[in-house]
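Q: I have a structure on screen and want to learn to read it. Where do I begin?

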Amino acid sequence: MHIPDGYLSPSTCTVMYAGAVPFWYCALQRVKRLLHTRLVPLLSVFAAFSFVIMMFNLPLPGGTTGHAVGMGLTTVVLGPWASMLAISVALLIQALFFGDGGVTAYGANCFNMAIIGSLVAYAVYRVIAGRAPLTHSRRVIAAALAGYAAINVAALCAAIEFGLQPVFFKDATGAPLYAPYPLHIAIPAMLIGHLTFAGLAELIISGGVVAYLQRTDPSLLKATAPGARDVDATQEITQSGWQVTRPLWVGVALLMLLSPLGLLAAGSAWGEWAPADFKNPQARLAIARASGNSAPPTQAPQGVEKLSSIWTAPMPDYAPKFLKSEKLGYMLSAMFGTGLILMAFMVIAAIVQVLDGKRQTDELVAANGNGAS
Amino acid sequence: MAGGVAIKRKRRKSFVEHTLAGLAATTAHALQAEEITKADGLLQHLDPRVKVVGLLALIITAALAHSLWIILTLFVIALTLALLSQVSIRTLARREWIGVLVFTGCIALPAIFITPGHVIYRLPLLHWPITEQGVRSALYLITRVETAATFSVLLILCTPWTHVLKALRVLHVPVVFVVILGMTYRYIFLLLQTAHDMFESRQSRLIGKLEDREQRRLAAASVGVLLSKSLQLSNEVYLAMQSRGFQGEVYTLDEFMMQPRDWIALFSFLVVAGLGFWWGR
């Protein structure tokens, strides 16, 4: 899933860098506040760790081998923000030193794997693990599914990025300049591989390592288990970390959801105006009004005609073509899809937080009543 | 690694052997790169900052170009730079080209048939159409990826990693990030060595073949052990840094000096990138 140079257009790469920067900034701020100077060695060693475990080829059911990226595992141990940074550092070393993933596509790779991957893994893990004790088997399943979901969502993001290339970037003869397959080919092609082999490797490693840690060193699982029954001190850290950046997430998700809707809403009103409508005075009025004209209904038809004729000019050239555009359709679906994923993630996180808060108060009440928790 | 006079001719390598080979290969890969950085060639003598900026400009030009000829010209420039820097074609092919060609080739091949456009040939029997646009598209992808990969591998093969990192400061990468990158690189080798030792000791006590299920358990346990070791290591490193007076401030030595030849090189890189951009629009 490491996108090499040359698969994405430079403008896509720029957009992906721009998308990743706010998250890097937030993550750095969050982690810095938590760990102060401990941050430097911790991130270094963890980035090295996530690099090294990518070399572990493990046998999968069915006779093939695969390697994990470790998104699920790093997130479960470090929490989403530190995991974002650690995986980004590992990806940079892979891109620069080992030629795995491109330099120009580094922003996209980080966005898919380090950022989206970590956040999805965190959401899935928290939701499924709930308040289960650290050594409960539910945490193993939660970690396994978190890894599986994270790698697949990351692959989906990469597929969307690939799929948008041939729509936007073609040479004079119509040959795609970058990744050549549209969304309806890119998405299944990427997902089939990841839903099976790569996802399975991630699933086995994430689940297996959490199971191992439960036997040997359960304290490593504490960071992302604030509500667990056997963790006494609730960690405000991950909670407040989430709260600080929530506006960012809401903003991004809403923007992605709304911008296509806004375009559609404006466009559909415009597109409905058939040329015949312009011979109908009532329709003309409606057009004039929709176009921001405040002319009263009683106005003389000539005036309306004049006004509407101003507005007919741009329409046949602009609106219908604009709406029928294949590019726009692709962009809308991609943006809408990404927005939906982000929104779903927001909702899940909010539910988790509400449930956790409620449980914590319940527990507090119970503890006060019984004198022991 | 299959047994000498093996009855089953192709025994599947066990997970342990497979991973051991991978770990050793990565270390060898890095060592070979270090050897080449010491060679007496053109790029090795240039200031790392010039190389980072210049080669990055060429990668971006290759990514921006809308003409196959420009991309191919850039590829030839990359080849010339490699030869002048004592990087053999064999090294480039082994390290980069073959892998990229196999991977990108697999991806680009179907595009020849399924990209709509002007049909130039039909496969006999199958009657699959080969379109001009499809061929162009596949060529774009392969040449672009090969060219960009060659430039970036040249940067690494001709510049010690520590210098690359310092040069990143020119691009305004935050200093904390650069320090983390540098330390990560060191710990990668330490952890590679640790993982290698773990698997070697396991392999030396292994008779027969482990079941797949058992291998997966072993893999997960190894990752777990490595994880605990990593955390322990990070704690120790932190204490060591603290005892040496580290308080979160990072200082780097900046001893690079631009020579006249560096300015000439920078100028040529940027001129080539600019011309490539102009002609390849």
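Q: Is A:M113 buried or exposed?
A: Count the neighbours around the residue. A:M113 has 29 other C-beta atoms within 10 Å, so it is buried. The cut-off for buried is 20 or more.

Q: Which residues does A:M113 contact, leaving aside its neighbours within four places in sequence?
A: They are A:M1, A:V69, A:M71, A:I87, A:L91 and A:A154. A:M113 and A:F51 are 62 residues apart along the chain, and their C-alpha atoms are separated by 13 Å.

Q: How do I step back to the whole of chain A?
A: Begin with the elements. Chain A has twelve helices and two strands. Along the sequence the pattern is α-α-β-β-α-α-α-α-α-α-α-α-α-α. Then look at burial and contacts. Chain A has 373 residues, and 46% of them count as buried. Take the contacts in chain A with a separation of 6 or more: 73% of them join residues 24 or more positions apart.

Q: How many residues of chain A are in contact with chain B?
A: Count each side separately. On chain A there are 56 residues, in contact with 66 residues of chain B. Next, ask which elements supply the chain A side. Helix 2 (39-53), strand 1 (58-59), helix 4 (80-97) and helix 7 (183-216) of chain A each give at least two residues. Helix 2 of chain A has the largest share, 13 residues. Last, sort by class: this side of chain A has 39 nonpolar, 13 polar and four charged residues.

Q: What scores does the model carry?
A: Its ipTM is 0.82 and its pTM is 0.74.

Q: Where in chain B is confidence lowest and where is it highest?
A: Take the mean, then go element by element. Chain B has a mean pLDDT of 82, with 93% of its residues at 70 or more. Strand 1 (residues 119-122) of chain B is lowest, at a mean of 78. Helix 3 (residues 68-84) of chain B is highest, at 91. Over residues 1-10 of chain B, pLDDT stays under 50. The model has six contacts beyond four places in sequence for those residues. Where pLDDT is low, the predicted coordinates should not be read in detail.

Q: How do I read a pair of helices?
A: Find the approach of the axes, then the angle. Helix 2 (residues 48-64) and helix 6 (residues 161-168) of chain B have axes that come within 8 Å and cross at roughly 70°. Helix 2 of chain B is therefore roughly perpendicular to helix 6 of chain B. In the contact, B:P48, B:R49 and B:V52 of helix 2 meet B:H163, B:V164, B:K166, B:A167 and B:L168 of helix 6. By class, the residues of this contact are five nonpolar, one polar and two charged.

Q: Which domains does chain B have?
A: The domain assignment gives domain 1 (38-170) and domain 2 (174-264). Their C-alpha centres lie 30 Å apart. Eleven residues of domain 1 of chain B are in contact with nine of domain 2. On the domain 1 side, helix 2 and helix 6 of chain B are the elements that give two or more residues. Helix 6 of chain B has the largest share, five residues. By class, that side has six nonpolar, one polar and four charged residues.

Methods
Residues numbered from 1 in each chain as written. Chains lettered and ligands numbered in written order. Predicted model: local features only at pLDDT ≥ 70, side-chain atom pairs only at ≥ 80, totals over all residues. Buried ≥ 20, exposed ≤ 12 C-beta atoms within 10 Å, placed from the backbone. Contact = placed C-beta atoms within 7 Å. pLDDT = per-residue confidence, 0-100. Helix = DSSP H or I, 4+ residues; strand = E, 2+ residues; numbered from the N terminus. Axes fitted to C-alpha atoms, helices over the stretch in contact; angles between N-to-C directions. Parallel < 35°, antiparallel > 145°, perpendicular 65-115°, else oblique. Nonpolar A, V, L, I, M, F, W, Y, C, P; charged D, E, K, R; others polar. Domains from an automatic or database assignment.
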